[in-house]
Amino acid sequence: VIDPDGARFVPRVREVALSAEAAADATAPLTGAETAPCRQLRFSMPGQLRNLQWMTCRLPALADHEVRVAVAYTGLNFRDVMYALGMLSDEALESGFSGPGLGLEFAGRVLEVGQKVTRWTPGDAVMGFAPSSFSTQVCTLETAITAIPAAMEMASAASIPTVFFTAWYAL
């Protein structure tokens with residue numbers, strides 16, 4: 001952006017310290033079924049990408065058939081861009097698997113499993129689907145993830161779930 005005086009301004013991403021209020025929220029005692037806080041990419045108002053910000057969130061306790069995953073990588077889809085820019089309303093997304101939120105596919109390591117989960121153990125490298133996967137942690141169904149092949153890098157794995165299911169559905 002160039003202002004009327006000819007000065008040029010370029011948007012930059014930089015990390016800033018949490019405000020006292022946000023830091024207090026991140027360290028507040030947990031209540032009920034809540035677990036440790038995580039960080040999730042959200043926006044205060046759709047329309048401009050500068051409104052994106054990392055916010056503290058609390059994930060619920062796991063259901064019997066759910067897993068909690070530490071997200072290492074998230075796939076960026078055009079759906080996310082359109083949602084952040086205000087081109088898709090919450091109502092347009094609310095009936096889908098991931099609902100209104102940024103991110104739907106990810107790769108990471110299992111942190112915790114629900115009481116009836118038998119296939120996954122903490123430490124397993126997985127890729128899959130989860131609502132709001134632009135997050136440091138996600139909770140998702142055990143059937144919404146799969147193992148990452150040993151020869152595949154986690155960054156590559158994060159972009160596979162949506163592409164795979166699109167091709168599978170098309171065929």
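Leaving aside neighbours within four places in sequence, which residues is Trp 120 in contact with? They are Val 67, Val 110, Val 113, Val 126, Glu 142, Ile 145, Thr 146 and Ala 147, where contact means heavy atoms within 4.5 Å.

The model is predicted, so local features need pLDDT of at least 70 and side-chain atom pairs count only at pLDDT 80 or more, while totals for chains, interfaces and linings use all residues. Residues are numbered from 1 along each chain as its sequence is written, and side-chain values use heavy atoms, with hydrogens and water left out.

**Sheet**

Five strands make up an open sheet with antiparallel pairing, in the order 6-3-4-5-7. Strands (E, at least two residues) and helices (H or I, at least four) are DSSP runs numbered from the N terminus, and two strands pair if DSSP finds at least two bridges between them. Strand 6 and strand 7 (145-147) are the edge strands, each pairing on one side only. From one strand to the next the twist averages 45°. Five antiparallel bridges join strand 3 to strand 6; Glu 66 has Leu 141 of strand 6 as its bridge partner. Helix 5 packs on the sheet, touching strand 4 and strand 5, and its direction makes about 55° with that of strand 5. Axes here are lines fitted to C-alpha atoms, for helices over the stretch in contact, and angles run from 0 to 180 degrees between N-to-C directions.

**Cores**

A nonpolar core is a set of buried Ala, Val, Leu, Ile, Met, Phe, Trp, Tyr and Cys residues joined through side-chain atoms within 4.5 Å. Buried means under 20% relative accessible area, exposed over 50%, and partly exposed in between (1.4 Å probe, protein chains only). The largest core has 11 residues, among them Val 67, Phe 106, Trp 120, Val 126 and Ile 145. Strand 3 (66-74) and strand 4 (105-113) each supply at least two residues of this core, and strand 3 gives the most, with three. A second, separate core of seven residues includes Leu 41, Tyr 83, Leu 93 and Leu 102. In soluble globular proteins, nonpolar side chains tend to be buried together.

Ser 133 is in the loop between strand 5 and strand 6 (137-141). Its relative accessibility is 0%, so Ser 133 counts as buried. Beyond four places in sequence, the residues that Ser 133 touches include Val 71, Leu 102, Phe 106 and Val 138.

Ile 160 lies in helix 5 (residues 160-170) and is partly exposed, at 26% relative accessible area. Residues up to four places away aside, Ile 160 touches Glu 105, Met 127 and Met 152. Its C-alpha atom is 8.4 Å from that of Gly 128, 32 residues apart along the chain.

The whole structure has four aromatic pairs. Rings of Phe, Tyr and Trp (its six-membered ring) pair if their centres lie within 6.5 Å; planes under 30 degrees apart count as stacked, over 60 as edge-to-face and the rest as tilted. Two of the pairs are tabulated.

| Pair | Centre distance | Plane angle | Class |
|---|---|---|---|
| Phe 129 and Phe 165 | 5.5 Å | 55° | tilted |
| Phe 164 and Phe 165 | 5.3 Å | 90° | edge-to-face |

Phe 129, in strand 5 (residues 125-129), and Phe 165, in helix 5, are 36 residues apart, and their pair links distant parts of the chain. Phe 129 is buried at 17% relative accessibility, whereas Phe 165 is partly exposed at 40%. Phe 164 is also partly exposed, at 48%. Ring pairs link Phe 129, Phe 164, Phe 165 and Trp 168 into a cluster.
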